[in-house]
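Subject: Structure handover

Hello,

Here is the structure you will be working with. Please open it and keep it beside this email as you read.

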Amino acid sequence: MGSSQNLNFSDFPNSLDIPNSDWIDADDLPQSRRHTKSQNDFVREWLPWRAEYLNVILEGEQLAKAGICEQCEEAEGSVQCMSCTGVHAWCGPCAVKAHRNLPFHKVQRWNGTHYKPTSLMELGFLWHIGHGGDPCPRNSSDPDPDESGYMTGEEPPNHRRSSQFQMTIVHTEGIFSHEVSVCNCPGSHPNDWHLDLLRQRLFPASISKPKTAFTFAVQDHFLIDALECKTSAMSFYQKLKRFTNNAFPERDRYRELMRVFQLWRDLKHRQWFGFGHDMEQDPGDGGLALFCPACPQPGVNLPADWKGYYHQAIWHKDGNFTAQHMKMNKPELDVALSDGKGYMVTEVPYQSHLKQSLDSKERSTCSNHRAINAANINKSNLQSTGIDATACAQHGCFVPHSVVDFQKGERYMNTDYSICNALGYHSESITKALVIYDVGCQWSINFRSRVKNSPSLLLPQLWKLFLHLNFIKGAGHLDGEILETLWAPFNKISPTARSMTQAHRQEVYDDHMRDSNWKKLVGMVPSLLKKYKNSNKCLEEMNEAYEQWESDALRAEADRGEALDIYLLKGDKAPTFQEVWLQLMENPKSPSGNAGSVAWLAEGISIEDSQDQLSPMSTRQEVKISEKRQRLSSRIEKFHSNGQAFCKGLDIDGTFTPQDDPAFCGSDEEEHEDREFWDDDEGDWEAPEEEVEGLASELMSIWMPSTIGAAKLTELGLHYLLKEDRELRIGQANDCLDQLRTDLGNKAMLY
């Protein structure tokens, strides 16, 4: 793994030069070559062997090798190793000798009835640090003193410390205790013993007097577990404790694991990005971050003559309010290892920008975007209410040094800082950018003026920003919400990072964003190959369809009339209101086969539509409204009169009270859940003064089966009317949805 500046793209295969005839996919293999066994087939094949498998496992519980040491062939072979392959039996000294370079193997000792867990340290194992595992000559029991009485190069006793001590060492197999003997040769000093441990691939938990160490292997395991499985440090350490002793887990080294892994992660990233050989070179902003290898970056992945081609940056912005951060008790004690070196911005300049920026109180004028309207919500116990990120919209890679914290919702001062940093990342001489942002319509209004008035925001004068996808050259086929797919796995670590320190949380977020970009990078070639193959398979079909369409368009232009139907939207449509009506007329639900009930219900639905259209209008149209009310009132009276024929003498006027009748609704105004964001100065609704028999026609109740309910209708023997009513309303809803789709399509074409 390396930084985007040092990537060698010649290592990647040229996907576009692979001919179609040489590309074979599993879907193209003949059925005879496919592996057809399922998981259940394998389980059924194993079931007859279950008892035999269990017997073999139990055989391993008995005394091995008849209790004779396989090494010396004399002593009692009471020791076996559970980590070594095969079955072995050793005496204590031979077991120690066989595991001279295997200190993390788990051993057991036979106690007469069964094997009981023990340790190499209990068997007499002494781990010599240095000299290739051999004892240090200066630690011998019979040294040769010089004239002063001390070994040559040896310090007086009051300056030396015992070179043999017990340590707790955490490995992938569990937690081990070992007696350790370090080197005492001339030049070796107790203050450097932590470096001696490091040379043995043991990371000490402290610099002075280390008593705990973690193997490189266990830290690499935790790194992958945390990135791939989103495992917390507590869960990982609990697993190691159970590996050590599942019944009585002890030895709590959780705090040491948290501290050591934080240091290990920082060292590995500096090593991977090439900053280990030159210790004086600073990674700089975003220097420990990977970025997209396919997005245009001058000086990284573009040829020298790239300006002769069309290039623009395409960014997607989005906020994540799950990634919260609690306030720290003593933030001044926090120690940052890679502040601003990854994907999150440097803390001090960002806080300085927030102090200099004015808090905008703008409200959304287009839609109820909570991202803007919630900006005034303050969480007193939170240092950060979420994060805002920028990613390349085509491939979904986080942009380095552009992720910021929110303090009070999604404010413009946060978003401006993020997008300006993203636009400035490896974008020299690129003057066009497409920014996809769910509240871009509101954010973009005063964006340039805010940048101009802020000393901490930089935006080249030549930048041309596009904030929508309609007819933008180079936009291509984008979903516009690619960050939502990145937030899904990211949200699994947010609860763990919520209570971390600011520096530790930043490093964890950087690590997971880096891993997300890394998986995008290594999976990009197979993904592009798959898309390239699918495109070639569809190319011939698309050409044929285009030629047919061109021919039909020319004929439609010449013949007009029905030939113009090719421009109509084609597809499987849900049944319309008229089609449902016709179907019910042909196959009535009523037991008597009376199709008149269908026409009567259709008339009722039509009356309801007419009532909805009689909304309050201007005084100029008052006369026309009065005439419409009179006609509507007559239709309602006739509708109820005709309904007596289908209701078996049921008193329509006294049977029910519609739940949605405005005349029976309470007069108290209910507070809207978003009232704090959308203040409405309109007063309470009042019925029009003109009424027909005490109530305006558009407010009159219409007797429909759906207003009574299934239980009551079944009791009255009118359940068939409810079925007809429901099917007609489904057709009505289908018509509304179809009209909505058409209107949205027209709006998309216009705007």
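Below are the findings, taken topic by topic.

First, the ground rules. This is a predicted model, where local features need pLDDT of at least 70, side-chain atom pairs count only at pLDDT 80 or more, and totals for chains, interfaces and linings use all residues. Residues are numbered from 1 along each chain as its sequence is written, and side-chain values use heavy atoms, with hydrogens and water left out.

**Two helices**

Two packed helices are described by the angle between their axes and the distance between the axes. Take helix H7 (residues 254-272) and helix H15 (residues 502-559): their axes come within 11 Å and cross at roughly 50°. That makes H7 oblique to H15. Some terms now. Helices (H or I, at least four residues) and strands (E, at least two) are DSSP runs, numbered from the N terminus. Axes are lines fitted to C-alpha atoms, for helices over the stretch in contact, and angles run from 0 to 180 degrees between N-to-C directions. Under 35 degrees is roughly parallel, over 145 roughly antiparallel, 65 to 115 roughly perpendicular, and the rest oblique.

Which residues meet? From H7 come Met258, Gln262, Arg265 and His269; from H15 come His504, Glu507, Val508, Asp511 and Arg514. Contact means heavy atoms within 4.5 Å.

Buried means under 20% relative accessible area, exposed over 50%, and partly exposed in between (1.4 Å probe, protein chains only).

Serine 516 is in helix H15. Is it buried or exposed? Serine 516 counts as buried, because its relative accessibility is 17%. Setting aside residues up to four places away in sequence, serine 516 touches Phe398 and Leu486.

Isoleucine 493 sits in the loop between helix H13 (482-490) and helix H14 (494-497). Isoleucine 493 is buried too, at 6% relative accessible area. Beyond its neighbours within four places in sequence, isoleucine 493 contacts Lys230, Val508, Tyr509 and His512. Val508 also belongs to the H15 side of the helix contact above. Now look at leucine 227. It lies 266 residues from isoleucine 493 in sequence, yet 9.4 Å away in space, C-alpha to C-alpha.

**The sheet**

Three strands form an open sheet in the order E1-E2-E3, with antiparallel pairing. Two strands pair if DSSP finds at least two bridges between them. The edge strands, E1 (79-81) and E3 (115-117), each pair on one side only. E1 and E2 (residues 107-110) pair over three bridges. Cysteine 81 stands opposite valine 107 in E2.

Best wishes
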